[in-house]
Amino acid sequence: MMKKILWSFALSAIVLAGCGKKEEPPAVAPAPVASAPAPAPVNAEEKVLNIYNWADYVPEGMIAAFEKESGIKVNYDTFETNEALHAKLVAGNSGYDIVVPGSVFAKPQIEGGLLQPLDKSKIPNLSNLDAPIMATLAAKTDPDNKHLVPWAWGFTTVGINKTKVAKALGKMPMPENAWDLVFKPEYTSKLKSCGIAYLDSPTEIIPVALHYIGKDAYSNDPADYKLATDMLAKVRKDVRIFSSTMIDDVAGGKACVAIGWSGDMNIAAARAKENKSKDEIESMLPSTGALIFFDTMAITKDAKHPNNAHAFIDFYLRAENAARMSNEMNYPTANKAGVPLVKPEIAANKTIFVEADYFAKMIPPSSFSNEAREAMANAYNSFKKGK
Ligand code: SPD
């Protein structure tokens with residue numbers, strides 16, 4: 001009984017603090033009413049969790065397994081670009097508890113107070129993560145790893161339907177650098193017949209275009225964006241699709257070449273095989289390198305279900321769940337304990353887990369200032385409109 005009285009006293013103090021009232025606590029706690037229902041625990045949360053993640057990123061059945069084990073109902077929505085997620089977070093009241101920004105956007109989101117620090121005591125499986133990857137994230141994006149937990153990493157590259165590309169190029173050999181296929185007019189003018197797709201996102205296309213013309217992929221200088229879009233303007237008429245659904249675009253035959261993400265390109269390749277297509281799809285390793293990204297789970301500043309969010313993050317960090325993500329979604333995991341559980345054929349796929357010598361030429365992630373992102377969006381939209 002005494003415990004109950006002290007507990008209810010603590011709860012009223014919290015409620016009063018929440019209301020901003022300045023009342024003196026009673027000298028003696030009031031006697032509880034015999035028929036009053038037992039109070040709920042302080043951290044009781046509605047058994048709901050709202051997650052906003054990239055499409056095609058969660059293994060089938062994983063959310064259902066979490067729901068069954070935890071009794072928490074998950075509402076799982078997907079987005080296609082970092083820009084779409086960012087706009088929701090900036091507007092506020094997104095309704096989402098967990099979001100999965102790319103680290104390029106996570107940095108300004110942390111700095112802008114849009115994400116809350118994690119309570120690491122609620123995520124014991126953080127110890128499964130790869131220490132060097134976490135050190136990189138801490139150095140570049142999230143000091144002391146306070147906010148972000150990697151979902152997966154991968155790279156932005158070129159994916160092709162080898163069969164259709166060979167046919168469209170005719171006697172012309174494949175270029176040494178796969179970026180030529182999407183940026184060089186002598187190739188794009190031939191490939192437009194079978195379809196060229198670009199990601200529909202300024203922060204995906206401008207960095208790879210900058211890298212292609214020998215500039216810093218993470219330049220914050222609008223003059224560099226002008227140089228990039230001048231180059232892009234020469235191939236604009238050959239680009240058929242702007243979208244982020246490369247799995248459907250390439251496996252479904254709408255495009256034979258696409259700027260897209262390594263794992264999704266591998267999913268497209270697997271899908272073509274499942275569909276018994278004669279065409280072979282390949283995620284390329286361009287000779288001048290590809291753009292590495294980290295996608296990271298974070299809890300929004302106004303999350304209504306932070307305890308449930310921590311529980312899901314810990315669940316996802318189980319070695320077997322991290323390995324399932326790699327095995328089924330074709331992205332490398334940053335979960336060191338999960339790596340031994342990755343299927344040999346996925347671990348051996350050099351376009352998923354790239355080899356050290358290729359890794360050395362990849363472009364590491366960084367971020368842009370808010371002003372730079374705005375200038376980039378303007379430059380990209382003008383390019384899209386063909387201006
Ligand atoms: N199907 C999941 C795709 C995840 C892609 N994230 C890309 C972030 C790159 N900037």
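The torsion about the S-S bond of C194 and C256 is about 60 degrees, so the disulfide (a pair of cysteine sulfur atoms within 2.5 Å) is right-handed. The pair joins distant parts of the chain, 62 residues apart. Helices (H or I, at least four residues) and strands (E, at least two) are DSSP runs, numbered from the N terminus. The two cysteines sit in these loops:

| Cysteine | Loop between | and |
|---|---|---|
| C194 | helix 8 (185–191) | strand 6 (196–198) |
| C256 | helix 11 (246–251) | strand 8 (257–261) |

The sulfur atoms of C194 and C256 are 2.0 Å apart, and a search of the whole structure finds one disulfide. Both cysteines are buried, where buried means under 20% relative accessible area, exposed over 50% and partly exposed in between (1.4 Å probe, protein chains only).

This is a predicted model, in which local features need pLDDT of at least 70 and side-chain atom pairs count only at pLDDT 80 or more, while totals for chains, interfaces and linings use all residues. Residues are numbered from 1 along each chain as its sequence is written, and side-chain values use heavy atoms, with hydrogens and water left out.

Helix 9 (residues 202–212) is mostly covered, with nine of its 11 residues buried; among them are P202, E204 and P207. After helix 9 comes G214, which has a positive phi near 85 degrees.

A178 lies in the loop between helix 6 (162–169) and helix 7 (180–183). A178 counts as buried because its relative accessibility is 3%. Apart from neighbours within four places in sequence, A178 is in contact (heavy atoms within 4.5 Å) with V158, M284 and P286. From A178 to S287 the C-alpha to C-alpha distance is 7.0 Å, although they are 109 residues apart in sequence.
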